[in-house]
Amino acid sequence: MKYKLLQLLLIIVPAIVYAQNPDSIWAKKHYIKKEQYIKMRDGVRLFTAIYMPVDLPGKHPILMARTPYSCAPYGKEWLPSFWNNYLGAYLRRGYCFVLQDVRGRYMSEGTFVNIRPFKPNKKTNKDIDEASDTYDTIDWLIKNIPNNNGKVGVLGVSYPGFYAAMAALSQHPALKAVLPEAPVTDWFMGDDLHHNGAFQLEDAFAFYYQYSFGAPRPKPKSTPDKEIPQPEYDSYKYFLNVGPLPEFTKLIGDSIAFWKELMAHLITMPGGKQGMTASTCRAFRLIFPH
């Protein structure tokens, strides 16, 4: 019996030690995680996870990513990618790292708007956009994170890259660097939903319906919506069998507001081909001011 117990320990203990890699042990020794609701100028609160050093020398810069894809894990658990990719190098240099659920997504309050338009002339606190949310967040961070050096960088890839680009328009004096990598910029000419105006059915249907990105979220939640599996492995065959666009709308139902917006802007051209109205060309294009 003792021999079997020893065998079991020899298997389990190395596995536990292996799971706790040196980088994760170092990070949890020198950093703490704090979760905070940060109030925006219109009163809406955005859920923010802050990883900050507690005993590293000097003043610390802040690196932030804003995302519609969740800043999970929530609670005491840590983001494992900190020590599995390049972010670990920033921790070693004493950076504070901030993740935020954007307005209307996951644990944040408010209403989500896809590629929310930038408002250059804000007159009241109700005139908000992703630039103003970034400004208000940065302002809170530099006033409340201990031992920060007053310098903030924002980065993001794909959809989070859009929020990084919007950060540049916030013009907060503490914002020193912005890195939007392959950002969403133009959903009409050259991004996922359209290519040169041609509707990308598979991308739009998969993203908003099958991956449940467009599922309604009446109140903050920490768990993702269930993905809807495609019954046919061969996507070409599946999409061909479903038929024309109205059949996809029947599958989706009435719950995904952005799909309805997409369909409302499609018009039937001569010969039955689908085209876009002039207003759609403007609606799905994000134009950055110079």
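Q: What is the relative accessible area of C71?
A: A note on the model first: it is predicted, local features need pLDDT of at least 70, side-chain atom pairs count only at pLDDT 80 or more, and totals for chains, interfaces and linings use all residues. Residues are numbered from 1 along each chain as its sequence is written, and side-chain values use heavy atoms, with hydrogens and water left out. C71 is buried, where buried means under 20% relative accessible area, exposed over 50%, and partly exposed in between (1.4 Å probe, protein chains only). For C71 the relative accessible area is 1%.

Q: How many disulfides does the structure hold?
A: A disulfide is counted when two cysteine sulfur atoms lie within 2.5 Å. C96 is a buried residue, at 0% relative accessibility. The number of disulfides in the structure is zero.

Q: How much of the chain do buried residues make up?
A: The chain has 290 residues, and its secondary structure comes to 10 helices and 10 strands (DSSP runs numbered from the N terminus: helices are H or I with at least four residues, strands are E with at least two). Of the contacts (heavy atoms within 4.5 Å) with a separation of 6 or more, 65% join residues 24 or more positions apart. The buried share of the chain is 43%.

Q: Which strand gives the most to the lining of the second largest pocket?
A: The second largest pocket holds about 300 Å³ of space and is lined by 16 residues, with A65, T67, L99, V157 and P160 nearest its centre. (On a 1 Å grid over the protein atoms alone, a pocket is an open set of points with protein on both sides within 12 Å along at least five of seven lines, and lining residues have an atom within 4 Å of a point; points are joined across faces, edges and corners, and the volume is the space filled by probe spheres set on them.) Strands β3 (60-67), β4 (96-101) and β5 (148-157) each supply at least two lining residues. With three residues, the one that gives the most is β5.

Q: Which residue supplies the backbone nitrogen that the side chain of H172 reaches?
A: H172 sits in the loop between α5 (159-168) and β6 (175-181), and it is buried at 5% relative accessibility. Beyond its neighbours within four places in sequence, H172 is in contact with Y135, I138, D139 and I142. At 3.0 Å, the side chain of H172 reaches the backbone nitrogen of A174.

Q: How far apart in space are I142 and V152, C-alpha to C-alpha?
A: I142 belongs to helix α4 (residues 130-144) and is partly exposed at 26% relative accessible area. Leaving out neighbours within four places in sequence, its contacts are I62, N148, G150, V152, H172 and A174. I142 and V152 are 10 residues apart in sequence, and their C-alpha atoms are separated by 8.3 Å.

Q: With which side chain does the side chain of E130 make a polar contact?
A: E130 is another residue of helix α4, and it is buried, with a relative accessible area of 0%. Not counting residues up to four places away in sequence, E130 touches R66, V102, R116, F162, Y163 and M166. A polar contact is a pair of N or O atoms within 3.5 Å; within protein, one must be able to donate a hydrogen and the other to accept it, and residues adjacent in sequence count only if both atoms are side-chain atoms. At 3.3 Å, the polar partner of the E130 side chain is the side chain of R66.

Q: Which residue takes a positive phi just after α6?
A: Helix α6 (residues 201-210) has A204, F205, A206, Y208, Y209 and Q210 as its buried residues. They pack against β8 (198-199), α7 (235-242), α8 (245-252) and α9 (257-265). Just after α6, a positive phi of about 65° belongs to S212.

Q: What is the phi of Q171?
A: Most residues other than glycine have a negative phi. Q171 lies in the loop between α5 and β6 and is exposed at 67% relative accessibility. Although Q171 is not a glycine, its phi is positive, at about 60°.

Q: What is omega for the cis peptide bond that joins A72 and P73?
A: Most peptide bonds are trans. P73 is placed in the loop between β3 and α3 (87-92). For the cis bond from A72 to P73, omega is about 10°.

Methods
1 Å grid on protein atoms, 1.4 Å probe; cavity = no way out; pocket = protein on both sides within 12 Å on 5 of 7 lines; lining within 4 Å.
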